[in-house]
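Here's a quick briefing to read alongside the model. Take a look at the fold first, then go through the points below.

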Amino acid sequence: MNEQFFKLKKEKRNSIVNAVAVEFVKHGYDKASTNIMASEAGISKGSLFNYFESKKNLFLYLIDYSIEIIEKLYEQIDVSERDLFLRLENIGVQKLKIQIEYPHIFDFLKLVKQEHTQDLREDIQAKFESITTRGIEKIYQNIDYSLFKEDLDIKKAIEVLNWTMFGFSEKALNDIESFHHINTLGEKYLSEWREYADFLRNMFYKQ
């Protein structure tokens with residue numbers, strides 16, 4: 001990794017990262033074109049390889065970059081909030097902010113988990129193992145499970161809640177695709193999510 005990359009302005013670094021992520025997401029590791037990455041980023045292919053040396057290093061750097069962003073998301077989780085619905089609402093808002101600032105990161109991470117190139121598997125597994133474990137622990141740390149109905153399968157209830165949150169997040173992102181600032185969404189996003197949360201809370205929680 002060439003330190004010259006980090007001397008670039010943040011906007012230029014983000015432009016390069018986004019161009020690289022888009023190409024990997026569209027075509028996967030093997031078929032992704034470094035020519036297109038460089039063209040979309042507005043730099044020469046020589047500069048791209050000067051910064052990253054190889055396509056593999058570029059891919060692995062983008063994984064590290066994505067993990068750093070996810071770590072920032074975990075740091076924002078308020079573990080003092082013991083109500084799972086409110087905890088997930090907070091995570092959803094933070095994730096939305098990240099997706100607006102870094103629009104291709106979560107798609108890239110999804111690609112990484114499905115990547116089967118043998119030369120990358122060991123590196124990918126090592127990078128993801130620890131962050132996945134930490135993320136799950138942080139999300140469900142200190143949750144008050146006594147709030148759930150006694151005869152409820154809590155594991156399945158949580159799966160339903162996660163699916164709902166994921167689907168709602170995708171819908172919200174589609175709605176605000178052309179927006180430049182998270183504030184544009186405002187209370188519209190929160191009030192709509194709370195309607196879904198209240199519906200599920202009445203199904204899952206003791207009255």
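**Helix α7 and its cover**

Helix α7 (residues 105–114) buries I105, F106, F108, L109, L111 and V112, where buried means under 20% relative accessible area with a 1.4 Å probe, protein chains only. Helices here are DSSP runs of H or I with at least four residues, strands are E runs of at least two, and both are numbered from the N terminus. The model is predicted, so local features need pLDDT of at least 70 and side-chain atom pairs 80 or more, while totals for chains, interfaces and linings use all residues. Numbering runs from 1 along each chain as its sequence is written, and side-chain values use heavy atoms, leaving out hydrogens and water.

- The cover over the buried residues of α7 includes α2 (10–31), α5 (55–75), α6 (84–101) and α8 (118–139).

**Whole chain**

- The protein chain has 10 helices and 0 strands.
- Its C-alpha trace spans about 65 × 40 × 30 Å along the principal axes.
- Of the 207 residues in the protein chain, 42% are buried.
- Take contacts (heavy atoms within 4.5 Å) between residues at least 6 apart in sequence: 73% of them join residues at least 24 apart.

**Positive phi**

- Most residues other than glycine have a negative phi.
- E53, not a glycine, has a positive phi of about 70 degrees; E53 sits in the loop between α4 (45–52) and α5.
- At 53% relative accessibility, E53 counts as exposed, the cut-off being over 50%.
- N142 also has a positive phi, near 65 degrees, and its place is the loop between α8 and α9 (154–175).
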